[in-house]
Amino acid sequence: MNVTENISKIKNEIPKDVTLIAVSKTRTIEEMEKVYQVEIRDFGENKVQELVNKFENFHSDVRWHLIGHLQKNKVKYIVGKVFLIHSLDSIALLEEIEKRFKANNQIANVLIQINIGKDPNKSGIMKEDLEKLIEACERCENVKVKGLMTVIPKGDEESCRKYFKQMKKIYDDLSKKQYNNINMEYLSMGMTGDYKIAISEGANMVRIGEGIFGKRIYNNN
Ligand SMILES: *Cc1c(COP(=O)(O)O)cnc(C)c1O
């Protein structure tokens, strides 16, 4: 199947109120153009450099999502360019985002990334550390928390469901409380292999790469 067919298949499977992010990491502008042509405007990148390059060389009405780990020293490059940062995972990073966005009179919309599977190879905060991070977010002026994001460990359907359910529970608990600067609008979870399960457990934002573009080939030059 080609990119256009892949997208129409996915669109038929997901409800209208679920945002589909096309994860375009490693893909060329030409490949992305086919996706843009079928009205996709949300694109996800995991590296700052690649996001900035594509920001400068692709359509200006795209909403760019930074979905990969964000290093503090790279925050300055994305000010004014990202629609949503999915990977807030520490107070130190929060402070840097606050500082850089404030200096440019910009608001940063972010999701808190939770390492729900406590996977040592994945980023995200442990759920035990969430409260402290939330307190720090409440003191910010230029950072707005819009929800939660996770990347779950690989596993069977039962295992996926378990982690997605845990995320939805945290999301719902936070939704019920009143915080400064924090509003649960987006629950970003689900990728090519598990987006249907994620949606059935409450995701309203899915990040799909290979399911749209085909298998990724990493070029390590
Ligand atoms: C690459 C990536 C995706 C998309 O993965 P696919 O399996 O290609 O759908 C989603 N989220 C994050 C954080 C990623 O790095």
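Q: What should I know about the numbering and the model before I start?
A: Residues are numbered from 1 along each chain as its sequence is written. As the model is predicted, local features need pLDDT of at least 70 and side-chain atom pairs count only at pLDDT 80 or more, while totals for chains, interfaces and linings use all residues; side-chain values use heavy atoms, with hydrogens and water left out.

Q: How many helices and strands does the chain have?
A: Helices (H or I, at least four residues) and strands (E, at least two) are DSSP runs, numbered from the N terminus. Here you get nine helices and eight strands.

Q: What does the radius of gyration say about the chain?
A: It's taken over C-alpha atoms, and the globule rule is 2.2 Å times the number of residues to the power 0.38. For 221 residues a compact globule would come out near 17 Å, and the chain's 17 Å agrees.

Q: Is Asn105 buried or exposed?
A: Buried means under 20% relative accessible area, exposed over 50%, and partly exposed in between (1.4 Å probe, protein chains only). Asn105 counts as exposed because its relative accessibility is 71%. This residue sits in the loop between helix H5 (91-103) and strand E5 (108-113), and has a positive phi of about 60° although it is not a glycine.

Q: And where is Asn181?
A: Look in the loop between helix H7 (157-176) and strand E7 (182-188). Asn181 isn't a glycine either, yet its phi is positive, about 70°. At 17% relative accessibility, Asn181 counts as buried.
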